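Here is a short report on one protein model. Look at the structure first, then read on.

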Amino acid sequence: MPNDVGHEIADALGTLLRRSTREQIHRRLTEGLGEAVDEVTYPVLSGLARTGPRSAAGLADEIGLDRSGVTRRATRLEEAGLLSREPDPGDRRATLLTLTEAGRQAVETTRQRLAAHIEDSLAAWPPGEARAFARQLHRFVDHGPFTP
């Protein structure tokens, strides 16, 4: 049946995108990085690393939280020295959330951990399959059903 592949991919994506799956991964990635960096605050750090400085509302849209949730998490991260609030040059009434050097280092540590975890989980795959999977995944993301 031609729809079988679509269902199989949709099921796998459902598992990956489940909130509990993301929280479990974020918990593992942030272990030992300090009280402020955990599965709750990690999306704020990661989102800022991807997008650059953003308002709380702009970041909320990017990471799928509401503005007040981003603001609470940002306060914890700011108190820990991982992000700062700076005036928005385009709107003097607004502020932008910006990673500090310590925040960039925390994100880099988590990204290295994630890459190592992924590579470890693919170690048993036949040579070349992991590389082919990475290329095909990029192709799916860049040209698949979620592309505007």
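## Buried, exposed or in between

Start with one definition. A residue is buried under 20% relative accessible area, exposed over 50%, and partly exposed in between. Take Trp125 as a test case. Its relative accessible area is 36%, so Trp125 is partly exposed. Keep in mind that this is a predicted model.

## Two helices that meet at an angle

Two packed helices are described by the angle between their axes and the distance between the axes. Here, helix H1 covers residues 3–17 and helix H2 covers residues 19–30. Their axes lie 5 Å apart and pack at an angle of about 55°. That angle makes H1 oblique to H2.

Which residues of H1 meet H2? They are Thr15, Leu16 and Leu17. On the H2 side, the partners are Arg19, Thr21 and Arg22. Sorted by class, this contact has 2 nonpolar, 2 polar and 2 charged residues.

## A mostly covered helix

Helix H3 runs over residues 42–51. How many of its 10 residues are buried? The count is 7, so H3 is mostly covered. The buried residues are Tyr42, Pro43, Val44, Leu45, Ser46, Gly47 and Leu48.

What do these buried residues pack against? Their neighbours include three helices: H2, H4 (56–63) and H5 (67–79). Strand E1 (83–88), strand E2 (91–99) and helix H6 (101–121) are also on the list. After H3 comes Gly52, whose phi is positive, near 85°.

## Rings in pairs

A pair of aromatic rings is described by the distance of the centres and the angle of the planes. The structure holds 2 aromatic pairs. One joins Trp125 and Phe133: the ring centres are 5.6 Å apart and the planes stand at 65°. Planes over 60 degrees apart count as edge-to-face, so this pair is edge-to-face. Phe133 has 43% relative accessibility, which makes it partly exposed.

Phe140 and Phe146 also pair, with centres 6.0 Å apart and planes at 80°. This pair is edge-to-face too. Is Phe146 buried or exposed? Phe146 is exposed, at a relative accessible area of 59%. Phe140 is partly exposed, at 26%.

## Salt bridges

Side chains of opposite charge can pair when their charged atoms come close. How many salt bridges does the structure hold? There are 6. One of them joins Glu39 and Arg27, with the closest N and O atoms 3.7 Å apart. This pair links distant parts of the chain: Glu39 sits in the loop between H2 and H3, Arg27 sits in helix H2, and they are 12 residues apart. Both count as partly exposed: Glu39 has a relative accessible area of 22%, and Arg27 has 42%.

Arg76 and Asp38 form another salt bridge, at 2.9 Å from N to O. This pair also links distant parts of the chain. Arg76 is in helix H5, Asp38 is in the loop between H2 and H3, and 38 residues separate them. Asp38 has a relative accessible area of 17%, so Asp38 is buried. Arg76 is partly exposed, at 31%. Arg93 and Asp91 meet in a salt bridge as well, at 3.1 Å from N to O. Arg93 is exposed at 77%, whereas Asp91 is partly exposed at 25%.

Conventions:
Residues are numbered from 1 along each chain as its sequence is written. This is a predicted model: local features need pLDDT of at least 70, side-chain atom pairs count only at pLDDT 80 or more; totals for chains, interfaces and linings use all residues. Side-chain values use heavy atoms; hydrogens and water are left out. Axes are lines fitted to C-alpha atoms, for helices over the stretch in contact, and angles run from 0 to 180 degrees between N-to-C directions. Helices (H or I, at least four residues) and strands (E, at least two) are DSSP runs, numbered from the N terminus. Angles under 35 degrees count as roughly parallel, over 145 as roughly antiparallel, 65 to 115 as roughly perpendicular and the rest as oblique. Contact means heavy atoms within 4.5 Å. Ala, Val, Leu, Ile, Met, Phe, Trp, Tyr, Cys and Pro count as nonpolar, Asp, Glu, Lys and Arg as charged, and the others, Gly among them, as polar. Rings of Phe, Tyr and Trp (its six-membered ring) pair if their centres lie within 6.5 Å; planes under 30 degrees apart count as stacked, over 60 as edge-to-face and the rest as tilted. Buried means under 20% relative accessible area, exposed over 50%, partly exposed in between (1.4 Å probe, protein chains only). A salt bridge is a side-chain nitrogen of Lys or Arg within 4 Å of a carboxyl oxygen of Asp or Glu.
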